[in-house]
Amino acid sequence: MSDLAIGIDIGGTKVAGGVLDEQGAIVARARRDTPHRSKSPDVVEDTIVGVIEDLLGQTAREDVVAVGVGAAGWVSADRATILFAPHLSWRNEPLQERLSTRVPVPVYVDNDANAAGWAEHRFGAGRGETHLMMITLGTGIGGALVMDGQVQRGRYGVAGEYGHMMVVPGGHRCECGNRGCWEQYASGNALVREARSLLLANSPVAHDLLERLGGEDQSLTGPVITEAAQDGDQTCVELIADIGRWLGTGLANLAAAFDPGSFVIGGGVSAAGDLLLGPARETFARELTGRGYRPMAQILQASLGNEAGLIGAADLARTEVLTTS
């Protein structure tokens, strides 16, 4: 087995990794928690190196040609520096350089949504699509654009921040400092906020949800709302449909700007499936500019789940090595 690559996915509390073969299959896995949920750059770096060493120990080291690291944050266009990571203490962190002094194979750093988009383009729901746009719906919204076999990172490497398009001027305050950003209406945080507002108002339509929570509204999460909707809770069905409609509005805006052939929707909120995507498709079809006179992009559910970032980071790094060697 040759031309293997290691992919690393950095989370807020853990670092997960895998060894990927040329067909996109993960042949070895490793995971370590970040000690005490540390945000220290040195501690996270040590954890990354530990996972890489675990993986190198599970395979023939000479077969591994590259390591790709996916991180939630802004990554420079040369894939060397993390300019800003909101959940880690990384500001202009030269992560590629620091890891390269400790890892015996080439290292590349990428935004986690870019990595997930690449994975879905190469091995997942968007396989074969020449103009693919990935939208990741989690606590916020991330994204990636893959056109003609290339991830489009922008001039400075920070393209794909679609969640911060303004869709409601003067709307909900966003963590980015602006108001009315798309992710304030079509994300996991938005879903939980709207459900919690019903619980706090002691709305009778939320009694079944409160009972599911054992009377403790602080345990409310997006997956709980999704599970309730899938079990037939009509209020939760409506809450997810509202998120879906906002998703469709944003996709129509993106289609006007980029004209992709397919949107692939990933992230934790996408687990709602057609409860989310059905309303999104209806709204998209109703609001798309030029509707009726142009082909419409597909709206697809991502197929690679939580491992998309890991898979994409590995394959992007391998592609970089093999095309420049």
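Q: Let's start with contacts. Among those between residues at least 6 apart in sequence, what share joins residues at least 24 apart?

A: Bear in mind that we're looking at a predicted model. Of the contacts in the chain between residues at least 6 apart in sequence, 61% join residues at least 24 apart.

Q: And what secondary structure does the chain have?

A: You'll find nine helices and 13 strands.

Q: How much of the chain is buried, and what part of the accessible surface belongs to carbon and sulfur atoms?

A: Buried residues account for 53% of the 325. The accessible surface is about 14,500 Å², with 48% belonging to carbon and sulfur atoms.

Q: Now a helix. Which residues of α6 are buried?

A: First the general idea: an α-helix has 3.6 residues a turn, so residues three or four places apart point the same way. Now take α6, residues 222-230: G222, I225, T226, A228 and A229 are buried there. They cover an arc of only 160° around the axis, which puts them on the same side of α6.

Q: What do the buried residues of α6 pack against?

A: Four helices: α4 (188-200), α5 (207-212), α7 (234-258) and α8 (274-287). After α6 comes G232, with a positive phi near 105°.

Q: Which residues other than glycine have a positive phi?

A: Have a look at N92, with phi near 50°, and D259, also with phi near 50°. N92 sits in strand β7 (residues 90-93) and is exposed, at a relative accessible area of 54%. D259 lies in the loop between α7 and β12 (262-266) and is partly exposed, at 48% relative accessible area.

Q: Where is T81, and what does T81 touch?

A: T81 is in the loop between β5 (74-75) and β6 (82-85). Leaving out residues up to four places away in sequence, T81 touches W74, V75, S76, N92, E93 and P94. That brings us back to N92, the residue with the positive phi. As for D208, T81 is 127 residues away from D208 in sequence and 48 Å away in space, C-alpha to C-alpha.

Note on methods. Residues are numbered from 1 along each chain as its sequence is written. This is a predicted model: local features need pLDDT of at least 70, side-chain atom pairs count only at pLDDT 80 or more; totals for chains, interfaces and linings use all residues. Side-chain values use heavy atoms; hydrogens and water are left out. Helices (H or I, at least four residues) and strands (E, at least two) are DSSP runs, numbered from the N terminus. Buried means under 20% relative accessible area, exposed over 50%, partly exposed in between (1.4 Å probe, protein chains only). Contact means heavy atoms within 4.5 Å. Accessible areas come from the Shrake-Rupley method with a 1.4 Å probe; for residues, only the protein chains shown count as cover. The arc is that of the directions from the helix axis to the C-beta atoms.
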